[in-house]
Amino acid sequence: MEYQTRIHGRGGQGVVTAAELLSVAAFLEGRHAQAFPTFGSERTGAPVVSFCRISDRPIRVREPITAPDTVIVQDATLLSRIDVLAGLRPHGQVLINSTRPAAELGVAGVAVPASEIALRHIGKPVPNAALLGAFCALTGVLSLESVQAAIRTLFPRPVAEANAAAAAEAHAWLKEAARA
């Protein structure tokens, strides 16, 4: 099994950290993983892309992901500026940070109000941890517990607990939305 995720966002939204957290969560589950970013102009607000591969075997390829299984969009304004869905596999999944439904944004995917969830828990609209909780609910590739453990590994305690709570809320939100 190899699962590829591409994450689009803007500088300052934790795009690179999101891929790193996915890879750490995969390691915690005994898998192989690789996470890396690409940058345009390195400044806050500039478009950023990061990648994460998760596999049951060692990963030898070191190139950007051009055929992702999942695309995570941390800033919905990028939908009209960049072809974030380029190369998405036929049964691939799209996860968008938005209060508007994905269909309203012109995308076949799932929207989660990750910035609002983050604001409640973290005090800042940084959507990465919340989106990773939703990613777990959407794909089942990683457990929420592994993502929360990765968060606790990377951040100091108060920040970690707030981000873990944001991930849990987004996970529950998506599970509930799927039932509706």
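This section describes the overall fold of a predicted model and the packing of its helix α5.

The protein contains 5 helices and 6 strands. Read from the N terminus, the elements follow the order β-α-β-β-β-β-β-α-α-α-α. The radius of gyration is 15 Å, close to the 16 Å given by the globule rule for 180 residues, so the protein is as compact as a globular protein of that length. The C-alpha trace spans about 40 × 40 × 35 Å along its principal axes.

Of the 180 residues, 48% count as buried. Contacts between residues at least 6 apart in sequence were also examined, and 60% of them join residues at least 24 apart.

Helix α5 covers residues 157–179, 23 residues in total. From its first C-alpha to its last, α5 reaches 33 Å, close to the 33 Å expected at 1.5 Å a residue. The buried residues of α5 are A160, A162, N163, A164, A166, A167, A170, H171 and L174. An α-helix has 3.6 residues a turn, so residues three or four places apart point the same way.

Note on methods: Residues are numbered from 1 along each chain as its sequence is written. This is a predicted model: local features need pLDDT of at least 70, side-chain atom pairs count only at pLDDT 80 or more; totals for chains, interfaces and linings use all residues. Side-chain values use heavy atoms; hydrogens and water are left out. Helices (H or I, at least four residues) and strands (E, at least two) are DSSP runs, numbered from the N terminus. The radius of gyration is taken over C-alpha atoms; the globule rule is 2.2 Å times the number of residues to the power 0.38. Buried means under 20% relative accessible area, exposed over 50%, partly exposed in between (1.4 Å probe, protein chains only). Contact means heavy atoms within 4.5 Å. The expected span of a helix is 1.5 Å times one less than its number of residues.
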